[in-house]
Amino acid sequence: MALTRREFLTLGGLAAAAGVLAGCVPVGGEIGTKLTDLPSRPVGDDPIWRALSRLTFGPRLSEVVHATAIGLDAWIEEQLAPDQIADSGAEWRVRRFDTLQMDPSLIFAVREEAVRQELQQATVLQAVYSRRQLYEIMVDFWSDHFSISTRKAPGAWLKTIDDRAVIRPHALGQFRDLLWASMCSPAMLVYLDNQANRQGAPNENYARELLELHTLGVGSGYTQHDVQEVARCLTGWTVDEGLYRGRRRFAAEQHDDGAKAVLGQAIPAGEGAHNVERLCALLADHPATAQHIAAKLVRRLVADDPPPALVSAAATVFTQTHGEIKAVLRTILHSAEFTAAPPKYKRPFHFIAGALRQLDAETDSGPAVLDLLRQMGQPLFEWPQPDGYPDTNAGWRGSLLARWQFALRLATNQLPGTRIDPGALLDMVGLAHPAPLPDLINRLATLLLGAPLPPSATDALLQLWGRDRADDTMLVLVTAVLLAGPPYQWR
C-alpha cells in the first residue's frame, strides 16, 4: 500500500506516545525462534535487553534467548572469543565480493566506485548477519578511531586492504599491535600525507593526528616540539606509486636519522627504520594513551559523558595488561556503570542494521541501503575528517526524516534488494493471521523495543485506525510506526 507523506508523518507522530519506554523485555528476530520462547520480565527490569542493545547492532530473538539461558556474563565471554563462534551466515554472504581479498597488484585495476561499494556492502552484511556481534561493534569502533576516508584518493582501494589487515585482525587484540598495524598501513600513510614527509621538508599531518587522535589525546601534555619530533621519526615512510603501487616502503634517503626526543624520551641517531618501532612502543605504553582509549571506549559503550571512575578503572587495566583490549572491555562491560547506562541515540549504521536484524530481513545491502545511509549522514568510510563519525547523541539528531523514509520502505518491502517475510514475522511473534490488532501491536513492540507499548499508546493507535483485527496492511503500518517512533531511535 502507499502512504502520503502527511499520513506517514501522522503515524510517526503517534509513535511518540511510546516515548516513555525504557529497558524492557528483550527480543530480536530470527526464524526458528519465537517470542514465546522468552521468559516474562517486568518492564524496565531486564539487564540482558539493555546490554545486548548496546553490544549488538540490534538483538535478534535467538541471541536474547541464548543470553538469558547462559547469563549475561557468559554471553559476553562467548562474544569475546569470536574465533570460537561459527559464522557461516555472514561469511558466505561476503564471499562474493572479490575485492575484499585482492592485494594491491590486482585491486587498483578495479573501478574506484566498485571497490568502495563492495567494502560498504560487506560491512553492512557483517553487521546484520554475523553472530560475532561484539566483534563487529569493535570493528566499527576502531574504524572510527583510525578513520580513513575512501573519498581521498587512493583511499577507496587502500582502505579495503586496511580493513582486512589492520582493523579486523586486531579489533579484540593488543592495542600496540593494532597501533603498529595502522602505522604500517599504506591507507593511513597516504590519507594523512606521510608520503610527503621527508627530511628537509617535513609534513606534520600524520604526526599530529597520531598524537591527538590515535594515542595520547587532546590536552595530554604533548607539545608542538613533540609533534615535530614525531614527524621526524616518520620521515621516509611512504607508499609506492610505481611497479609495487599501494605497498608501504621505507625510503632511507628521505629519513631524518638524527637524534630525537619525544615526550622527554631520547631516540638515538642511526636507528633508521627502527625509529617507528620505538615510537609505537612509546606511544602505546604512555599513561595518556591508556586514559584516552579508555575514555573513548566508555563513551561508545556507556555514556556520552564517560563516568570518570569507570574511565580510570579501564585505563588502569589497559596499563596493567599493556593494552589488552579484551581485558579493558571486561572491566567496562561488567561494571555497575554499564549496567545502569543511559540510552544512547542510534547512529544511522546501527539504526539500519538493527532494523534489518530484528525483523529478520533478507538483504543484499546494495545501493538502496547504502543510499539511505548516505541520506542519514553516515556513508561508511567517507567521513572527511580523521576523527571518525560523531560518537555522541548530539551528532545525529538531524537524520529523522530519512529514518522515517527507511522505516516505511522497509516495512512495505519497497527497498530494492531487501525483503521482510510477513508470514515469518507473524510466526516469529507467535501470532496467527489475522491476529487481534492489540496483540500485534504489543508483540511487535516487544520484538523491536523490548516491551509492549504503554496502554495509552496502544489505545491511541487503535482509535486512529478504528479496527481491532490485523490484516497485512496493519502489519505494515505497525512495523513502520514502531521503527519510525522515538523509542526505536535509542539503544
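Modeller: Start with Arg-93. Arg-93 lies over the face of Tyr-129, at 3.5 Å from the ring centre. Here, "over a ring" asks that NZ of Lys or CZ of Arg be within 6 Å of the ring centre and within 35 degrees of the ring normal. The charged end of Arg-245 also sits over a ring: that of Trp-157, with 5.8 Å to the centre.

This is a predicted model, where local features need pLDDT of at least 70 and side-chain atom pairs pLDDT 80 or more, while totals for chains, interfaces and linings use all residues. Numbering runs from 1 along each chain as its sequence is written, and side-chain values use heavy atoms, without hydrogens or water.

Next, rings beside rings. The structure has 13 aromatic pairs (ring centres within 6.5 Å; planes under 30 degrees apart are stacked, over 60 edge-to-face, the rest tilted). One of them is Phe-351 with Phe-406, an edge-to-face pair. Their centres are 5.6 Å apart, and the angle between the planes is 65°. This pair links distant parts of the chain. Phe-351 belongs to helix α19 (residues 348-358), Phe-406 to helix α21 (residues 400-411), and 55 residues separate the two. Helices here are DSSP runs (H or I) of at least four residues, and strands (E) of at least two. Phe-351 is buried, at 0% relative accessibility. Phe-406 is buried as well, also at 0%. Buried means under 20% relative accessible area; exposed is over 50%, with a 1.4 Å probe. Elsewhere, Phe-141, Trp-142, Phe-146, Phe-175 and Phe-318 make up one aromatic cluster.

The largest cavity has a volume of about 180 Å³. It is lined by 21 residues. Asp-140, Ser-143, Asp-144, Leu-380 and Phe-381 are the closest to its centre. Helices α7 (112-129), α8 (133-145) and α9 (155-170) each give two or more residues to this lining. The biggest share comes from α8, with five residues.

The largest pocket has a volume of about 660 Å³. Its lining counts 30 residues, and closest to the centre are Gln-126, Arg-132, Tyr-135, Glu-136 and Arg-168. At least two lining residues come from each of α5 (88-94), α7, α8 and α9. For this pocket, α9 gives the most, with six residues. On a 1 Å grid, a 1.4 Å probe fits in a cavity but cannot get out; a pocket is open, with protein on both sides within 12 Å along at least five of seven lines, and lining residues have an atom within 4 Å of a point. Volume is the space filled by probe spheres set on the points.

Finally, two single residues. Glu-63 is found in helix α3 (residues 61-70). Glu-63 is buried, with a relative accessible area of 12%. Beyond four places in sequence, Glu-63 touches (heavy atoms within 4.5 Å) Leu-52, Thr-56, Gly-58, Trp-75, Gln-133 and Arg-357.

Gly-272 is in the loop between β4 (265-267) and α14 (274-284). Gly-272 is buried too, with a relative accessible area of 12%. Beyond four places in sequence, Gly-272 touches Phe-250, His-255 and Asp-257. Asp-240 is 32 residues from Gly-272 in sequence and 19 Å from it in space, C-alpha to C-alpha.

Definitions and conventions:
Rings of Phe, Tyr and Trp (its six-membered ring) pair if their centres lie within 6.5 Å; planes under 30 degrees apart count as stacked, over 60 as edge-to-face and the rest as tilted.
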